[in-house]
Amino acid sequence: MPIRTLGSQMIFAADPFYAERPAPCTQRCEKILAPVCAEDESGRNRTYPNECMIGFLNCQEKTKSTKIADGECPDDPIVWVDDEAYFDQYDMP
């Protein structure tokens, strides 16, 4: 519903329904086990199955983890056994 007109143009009130929405997470990672250690913004370390999954999960979980080393984090060892099952839990495009 226009709030006023300016010449032939209608000026509309801001509608939160049409506000800019974040883009969906479209990154796709290969199902390869090459562990990396990353640190999140709170300083917690987390082992990821590969470097690509850091970016994918940052998008999915709205986090800002960054890689700090190759291999498992000493305080977060790998606990998954089946690589395929690990990756299948995420809805990757």
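Three strands form an open antiparallel sheet, in the order β4-β3-β5. Helices (H or I, at least four residues) and strands (E, at least two) are DSSP runs, numbered from the N terminus, and two strands pair if DSSP finds at least two bridges between them. The model is a predicted one: local features need pLDDT of at least 70 and side-chain atom pairs count only at pLDDT 80 or more, while totals for chains, interfaces and linings use all residues. Residues are numbered from 1 along each chain as its sequence is written, and side-chain values use heavy atoms, with hydrogens and water left out.

**The sheet and its helix**

- Strands β4 (45–48) and β5 (66–70) are the edges of the sheet, since each pairs on one side only.
- On average, neighbouring strands of this sheet are turned by 35° against each other, direction ignored; axes are lines fitted to C-alpha atoms, for helices over the stretch in contact, and angles run from 0 to 180 degrees between N-to-C directions.
- Four bridges join strand β3 (residues 36–39) to β4 in the antiparallel sense, and Glu-39 stands opposite Asn-45 in β4.
- Helix α1 (residues 51–61) packs on the sheet and touches β3, β4 and β5, where contact means heavy atoms within 4.5 Å.
- The direction of helix α1 makes about 120° with that of β4.
- Strands of a sheet pair through backbone hydrogen bonds, either parallel or antiparallel.

**The nonpolar core**

- The largest nonpolar core has 11 residues: Cys-29, Val-36, Ala-38, Tyr-48, Met-53, Ile-54, Phe-56, Leu-57, Tyr-86, Phe-87 and Tyr-90.
- β3, α1 and α2 (83–88) each supply at least two residues of this core, and α1 gives the largest share, four residues.
- A nonpolar core is a set of buried Ala, Val, Leu, Ile, Met, Phe, Trp, Tyr and Cys residues joined through side-chain atoms within 4.5 Å.
- Buried means under 20% relative accessible area, exposed over 50%, and partly exposed in between (1.4 Å probe, protein chains only).
- In soluble globular proteins, nonpolar side chains tend to be buried together.

**Helix α1 in detail**

- The buried residues of α1 are Met-53, Ile-54, Phe-56, Leu-57 and Asn-58.
- Ile-54 has its place in helix α1 and is buried, with a relative accessible area of 5%.
- Leaving aside neighbours within four places in sequence, Ile-54 is in contact with Val-36, Ala-38, Tyr-48, Ser-65 and Lys-67.
- Ile-54 and Ala-38 are 16 residues apart along the chain, and their C-alpha atoms are separated by 7.5 Å.
- At the start of α1, a side-chain oxygen of Asn-50 reaches to within 3.1 Å of the backbone nitrogen of Cys-52.
- Lys-62 follows α1 and has a positive phi, near 55°.

**Salt bridges**

- The structure holds three salt bridges, a salt bridge being a side-chain nitrogen of Lys or Arg within 4 Å of a carboxyl oxygen of Asp or Glu.
- Glu-61 and Arg-46 meet through their side chains in a salt bridge (2.9 Å, N to O).
- Because Glu-61 lies in helix α1 and Arg-46 in strand β4, this pair ties together parts that are 15 residues apart in sequence.
- Glu-61 counts as partly exposed, at 36% relative accessibility.
- Glu-51 forms a salt bridge with Lys-67, their closest N and O atoms being 3.2 Å apart.
- This pair links distant parts of the chain, with Glu-51 in helix α1 and Lys-67 in strand β5, 16 residues apart.
- Both partners are partly exposed: Glu-51 has a relative accessible area of 47%, and Lys-67 has one of 33%.
- Lys-67 also forms a salt bridge with Asp-70, the closest N and O atoms being 2.7 Å apart, and Asp-70 is exposed, with a relative accessible area of 61%.

**A buried threonine**

- Thr-47 lies in strand β4 and counts as buried, at 4% relative accessibility.
- A polar atom of the Thr-47 side chain lies 2.8 Å from the backbone nitrogen of Cys-73.
- A polar atom of the Thr-47 side chain also lies 2.3 Å from the backbone oxygen of Asp-76.

Key. Polar contact = N/O pair within 3.5 Å; in protein donor to acceptor, adjacent residues only side chain to side chain.
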